[in-house]
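Me: I would like to learn how to read the features of a structure, one at a time. Please give the general idea, then the case here.

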Amino acid sequence: MARQRLPLPSEPKSICILRLSAVGDVCHTVPVVRALQDHWPTTNITWVIGKLESTLVGDIPGVTFKILDKSRGWRAYRDLRREMQGRAFDLLVHMQVSLRSSAASRLISSPVRLGFDRARARDFQWLFTTDRIEAKKNQHVMDGLFGFTEALGIAPPNPRWDIPIPDRAREF
């Protein structure tokens, strides 16, 4: 289990998930979000996500989505900073290794910033986290992402990809 510098409450009040893109990886993030919801049903979950990806999963009940529109360049970060101003989370789950996502992570206030282990934390992600998931080699993306729930003491879940399909999509 990953070492945590600051203990979490038994049920955190608020968690921020940071996974901006890509569509496949965002789909793999859904079961992690569902596992967090199942384990901590009263925890407020906010997901910082890319604009395109939010059109796919942005209707998940119980999750507040904050969109980082990468096409807006530096203005997207200004917008995110404005949206996150005055908000603090018990936990940031930093599930993306890119300089873009790490820059976004600096706009999210949280004492515990859980990221990938050093070997998988490309683009200097380890500089933006306080805690890391356990190092494991040759894992499927889904298993690697479940390392976050494992580090939080959540038993391996039965993955749920129940992404709501809005009426407008069914009509289309």
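Reply: A search of the whole structure finds two aromatic pairs. Rings of Phe, Tyr and Trp (its six-membered ring) pair if their centres lie within 6.5 Å; planes under 30 degrees apart are stacked, over 60 edge-to-face, and the rest tilted. Phe116 and Phe148 form an edge-to-face pair, with 5.0 Å centre to centre and 85° between the planes. This pair links distant parts of the chain, 32 residues apart: Phe116 lies in the loop between strand E5 (113-115) and strand E6 (131-132), and Phe148 in helix H5 (residues 141-151). Helices (H or I, at least four residues) and strands (E, at least two) are DSSP runs numbered from the N terminus.
This is a predicted model, in which local features need pLDDT of at least 70 and side-chain atom pairs count only at pLDDT 80 or more, while totals for chains, interfaces and linings use all residues. Residues are numbered from 1 along each chain as its sequence is written, and side-chain values use heavy atoms, with hydrogens and water left out.

Me: Is Phe116 buried or exposed?

Reply: Buried means under 20% relative accessible area, exposed over 50%, and partly exposed in between (1.4 Å probe, protein chains only). Phe116 is buried because its relative accessible area is 10%. Phe148 has 1% relative accessibility, so Phe148 counts as buried.

Me: Which residues lie nearest the centre of the largest pocket?

Reply: On a 1 Å grid over the protein atoms alone, a pocket is an open set of points with protein on both sides within 12 Å along at least five of seven lines, a cavity is a set where a 1.4 Å probe fits but cannot get out, and lining residues have an atom within 4 Å of a point. Grid points are joined across faces, edges and corners, and a volume is the space filled by probe spheres set on the points. The largest pocket has a volume of about 300 Å³. Of its 15 lining residues, Val97, Phe116, Arg120, Arg122 and Val141 lie nearest the centre. H5 gives the largest share of the lining, three residues.

Me: What lines the largest cavity?

Reply: The structure holds one cavity of 30 Å³ or more, and the largest cavity has a volume of about 30 Å³. Its lining is made up of Arg120, Ile133, Glu134, Lys136, Gln139, Gly144, Gly147 and Glu150.

Me: How many salt bridges does a search of the whole structure find?

Reply: Side chains of opposite charge can pair when their charged atoms come close. A salt bridge is a side-chain nitrogen of Lys or Arg within 4 Å of a carboxyl oxygen of Asp or Glu. The search finds nine salt bridges. In one of them, the side chains of Asp162 and Arg34 meet at 2.9 Å, N to O. The partners are 128 residues apart, with Asp162 in the loop between H5 and helix H6 (167-171) and Arg34 in helix H1. Asp162 is partly exposed because its relative accessible area is 35%, whereas Arg34, at 7% relative accessibility, counts as buried.
Glu150 forms a salt bridge with Lys136, the closest N and O atoms being 3.1 Å apart. This pair joins helix H5, which holds Glu150, to the loop between E6 and H5, which holds Lys136. At 32% relative accessibility, Lys136 counts as partly exposed.
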